[in-house]
Amino acid sequence: MTRHRILFEPSELSRRERRTLRRTTAAPPDRPPARSRRELALPEAAVPGPFGPGLTQSGYWNLAAATIPPHQATSQHLAGIYPFVADAGLGHKGPILGVDLNADALWHFSPWETYADSTDRGTFSTNILVLGAYRAGKSAIIKTLVTRSLPFGHQAVVPSDPKGEWVTMAEAIPGGNVIRLGGALDTRLNPLDRGPRRTGVSDSQHELMVKQRRVTVLTSLAEAALPGTRLTAVEHAALHEALTRCIRRTDDTPTLRGVYADLTALAGDTTADRHLADGAVQPSYVLRRFVDGDLSGLFEDESTVVFDQDAPIVVVDTSELFARGDLVAQMSQICTTAWIQAVISDRTARRTRYVIREEGWRDMTSISSLFMYQQWLKLSRHYGISNIVILHKIGDVDAVGDADSQERNLAYSIIGDIENKFIFRVNQQEGDALQRRLSIPTAHVAMARQLRKGVFLAYVGQYPYLVDAFSTSTDWEYDLFQTDDALELDDPYTRPFGPGSPRYRRRLADRHRRRWVAHHGQGADMSIGTTPRAYATVTGATATFTSTDGHREPITAAPGEDIRHLVVQRAAAEAIRSGMTLELVTCGDRGDHRLLVTAAGDISPAPSREAPEEHAASAASATGDPAEPATARRSFIDTTRTDTPSTGWRAVAARAGIRVSESPMQKLKRDAVACVSRHWAGSRLLAVVNGKGGIGKTMSTAMISAVFARYGGGSVLAWDNNDTRGTLGWRTEHGLYDTTIRDLLPAAPELLDPAASVSDIARFVHHQPADRYDVLRSNPELLAADQRIATAEFDLLTRVATHYYRLVIFDSGNDESADRWLRMIDYSHQLIIPTLPSADSAESAALLLEALKNRDEHSADLAANAVVVVTQPEPGSRRESVRIAHAFAGQVRVVGVIPFDPALKSGALRFDALRTRTRDAWILVAANAAIGLD
């Protein structure tokens with residue numbers, strides 16, 4: 001029905017004609033008579049009356065009819081209604097990366113497709129610059145691009161993975177290749193490898209390019225090890241001479257060990273040029289680190305691995321090396337990048353590759369490496385390579401050279417020349433640098449400051465696009481690519497059920513790999529338990545067998561053979577090869593079966609996972625008897641757990657009767673609280689240990705005790721197990737009696753008497769009213785010699801503590817050789833190892849873990865299952881805390897980071913005094929500890 005009319009009048013009409021026209025058009029049109037709801041055949045209201053079902057069924061309610069205001073907009077906004085003003089986008093070639101928010105259409109992107117595009121939408125380069133703040137989603141988006149590009153035939157290569165994030169992805173993709181460096185591995189890469197023969201150049205040109213690359217590697221290593229200095233002309237000449245001698249002596253297979261030997265010989269050669277001998281001294285000391293120094297066993301000899309040309313993704317895992325410091329990380333990245341460049345510089349391979357450069361500024365260490373970097377970017381089209389350079393901010397390039405130096409200006413020029421740019425959310429202080437260095441318009445800079453996670457500005461050629469990538473992410477991608485470094489509520493190191501350590505990451509990768517390779521018909525059988533699984537799909541006399549590592553192979557039965565026997569034999573061979581029991585899941589025209597196959601080749605039926613009714617039905621059908629119908633009565637008592645939001649706007653909506661689900665963070669905290677609230681059969685003992693003082697043992701003891709007591713209903717004892725001036729009593733509240741552990745010891749037999757009362761223990765402990773736990777103090781005024789406790793005495797005190805408390809948390813001392821310290825380890829079920837983001841405290845924790853692993857089986861199990869807590873002592877120490885946490889990730893079960901909180905620095909320790917973020921972090925740490933107490 002028309003509500004408003006607009007009348008257009010010709011300008012040449014007279015006044016009389018205008019009046020006639022207006023009267024004619026003003027006459028109301030013939031309207032149809034109003035009809036009732038019954039005549040229109042509309043359903044009646046669910047609840048009669050004006051209120052609707054809201055007051056009785058928590059639905060809508062309204063006292064009056066809805067009022068729809070008229071739409072108001074400017075002419076500029078109304079112009080956007082027309083569809084032809086929407087951007088055309090990049091077309092539909094290449095994988096889908098997200099949704100173009102301006103065009104409201106799927107956004108496809110492939111650097112090779114845009115390079116081949118001859119229209120104004122095309123580009124002149126395949127390289128991509130990725131820039132954005134932490135937690136902006138850039139790592140997940142690049143992994144999404146790479147993963148979705150694999151079916152298009154592209155290969156992904158990561159020359160250096162400093163955080164181990166790409167390792168998880170490579171392990172989850174069938175055929176992915178991971179080259180691990182460091183640790184107990186014997187893997188070596190030779191950065192001076194010759195590489196494949198380049199096409200399109202003469203032999204002399206090829207030899208010159210190979211030698212130039214080798215000299216650049218040696219020069220970059222020398223200048224990286226000597227920051228702030230450049231090699232002199234004599235030192236350059238010495239490197240050239242030593243490399244030439246090594247090539248001649250080794251038949252063109254030079255290594256860093258060989259070049260070091262020739263440099264050493266050149267420096268000691270009295271018959272050679274004196275200046276050349278002096279120039280060989282400094283480079284020889286640098287290469288000595290690779291031969292018998294902190295970088296030995298990695299790059300000094302010939303390569304022990306071969307680059308897999310057929311693998312969909314190849315990752316060089318350098319996370320172990322990056323934990324050794326920035327200089328080692330920088331030199332390692334130079335070597336791994338040089339090796340990758342050497343082995344993939346083959347145009348005849350006809351292979352398009354993504355080369356992902358995490359922390360790309362590390363490849364720009366010297367003027368020679370910068371020139372090589374620039375040359376490599378220019379030749380990317382020649383080799384079919386798309387270099388993805390990832391930076392957290394423009395300021396990362398400030399680590400290259402001095403201000404206004406040739407190195408820094410060249411580095412800025414290199415990143416500014418990259419045509420394809422993905423700009424994620426940036427910090428406020430990055431605005432000027434974006435405009436000055438990358439020529440980003442002012443309006444776009446303001447937009448980049450406000451982008452939400454997973455949304456980015458894409459500059460492809462001459463056109464910008466606003467893309468929301470997470471809107472197209474699948475659950476598989478989201479779980480696999482979740483790599484936040486925020487070690488708080490959504491922290492992968494502290495969440496109770498998250499991928500905190502390499503052990504969990506490998507388990508996660510195994511789950512994703514099986515999802516990738518599993519046949520759709522096996523979807524119902526894809527839940528992964530603790531037993532690895534192999535799958536077989538049987539069709540007639542053939543079967544497809546999928547091993548535990550995702551490898552598929554066909555099996556065909558010869559005439560007279562039973563295909564089922566062949567499948568079982570293959571599963572037995574797989575179990576014997578892996579040395580562990582596996583579950584064989586078969587489906588197809590021979591039925592669905594589950595078998596357990598041990599490492600000894602024994603075969604037995606797997607435990608049934610069917611519901612009781614289904615199991616009875618299947619059993620009845622197997623015997624031929626008809627199954628009786630299920631007559632189970634549904635209970636009148638509803639035990640379904642309903643979780644209502646308790647904080648934020650969701651809690652307000654829930655109290656108003658609006659049904660709304662919890663946020664992911666609320667669910668995570670609820671699960672953590674459920675962990676710390678559980679009660680075990682029997683007492684549990686938890687020890688907070690580190691051989692160094694002043695690193696937060698007392699603070700960790702108090703906070704973890706408060707979490708368990710507050711949410712678990714008390715009955716928690718914090719025991720100051722310290723010979724030398726324990727400070728737990730100083731930082732907690734004083735009780736009614738001035739007693740210590742020395743007073744408890746002679747009263748122990750009396751407290752263990754059956755006639756003793758539960759309240760008798762209150763004479764010897766100090767109750768914390770707000771946090772609900774008790775403190776057993778040591779006497780900080782006595783010397784260690786006056787309050788030592790022998791093993792038998794400690795055993796007696798432990799009997800008392802476990803008799804009166806369900807959970808005992810030890811605040812250990814610093815003397816790891818004391819009897820009470822060693823006996824505490826023997827009794828403990830779980831270890832908490834606090835540390836600060838400093839080298840000495842972290843090294844102390846690492847040495848403690850090594851000592852426990854070598855002590856006995858129980859101690860080794862405690863070390864492997866330990867929880868490391870990195871506490872930020874100052875507001876600006878988060879980045880170093882994250883680095884320390886990453887270094888411990890592969891050594892213990894889980895690592896957590898506690899954010900800076902002024903309430904933890906000094907004074908009484910009270911849980912209520914902490915900030916909300918800090919309280920949540922301690923809850924998650926305690927939840928991880930509770931998992932180890934089961």
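This briefing covers salt bridges, a strand group and a charged surface patch. The model is predicted. It holds 28 salt bridges. Strand β15 pairs with β12 and with β16.

**Salt bridges**
- E477 and R148 form a salt bridge, with their closest N and O atoms 2.8 Å apart.
- E477 sits in helix α19 (residues 475–481) and R148 in helix α5 (residues 138–149), so the bridge ties together parts 329 residues apart in sequence.
- Both E477 and R148 are buried.
- R910 bridges to E733, the closest N and O atoms lying 3.4 Å apart.
- R910 is in the loop between β25 and α32, E733 in the loop between β19 and α26, and 177 residues separate them.
- R910 is partly exposed at 39% relative accessibility, and E733 is partly exposed at 26%.
- E750 forms a salt bridge with R763, with the closest N and O atoms 3.8 Å apart.
- E750 belongs to helix α26, while R763 lies in the loop between α26 and β20, 13 residues apart.
- A salt-bridge network links D795, R823, D826, R855 and D856.

**Strands around β15**
- Strand β15 (residues 582–588) is mostly covered, with six of its seven residues buried.
- β12 (residues 533–539) pairs with β15 in the parallel sense over six bridges.
- R533 stands opposite E583 of β15.
- β16 (residues 593–597) runs antiparallel to β15, joined by five bridges.
- L584 has L595 of β16 as its bridge partner.

**Charged patch**
- R15, R16, R19 and R23 gather in a surface patch of positive charge.
- R15 lies in helix α1 (residues 15–26).
- R15 is exposed, at 69% relative accessible area.

Technical notes
Residues are numbered from 1 along each chain as its sequence is written. This is a predicted model: local features need pLDDT of at least 70, side-chain atom pairs count only at pLDDT 80 or more; totals for chains, interfaces and linings use all residues. Side-chain values use heavy atoms; hydrogens and water are left out. Patches are made of residues with over 30% relative accessible area and no salt bridge: like charges are joined within 9 Å, nonpolar side chains (Val, Leu, Ile, Met, Phe, Trp, Tyr) within 5 Å. Accessible areas come from the Shrake-Rupley method with a 1.4 Å probe; for residues, only the protein chains shown count as cover. A salt bridge is a side-chain nitrogen of Lys or Arg within 4 Å of a carboxyl oxygen of Asp or Glu. Lys and Arg count as positive and Asp and Glu as negative; His and the chain ends are not counted. The place of a charge is taken as NZ of Lys, CZ of Arg, CG of Asp or CD of Glu. Helices (H or I, at least four residues) and strands (E, at least two) are DSSP runs, numbered from the N terminus. Buried means under 20% relative accessible area, exposed over 50%, partly exposed in between (1.4 Å probe, protein chains only). Two strands pair if DSSP finds at least two bridges between them.
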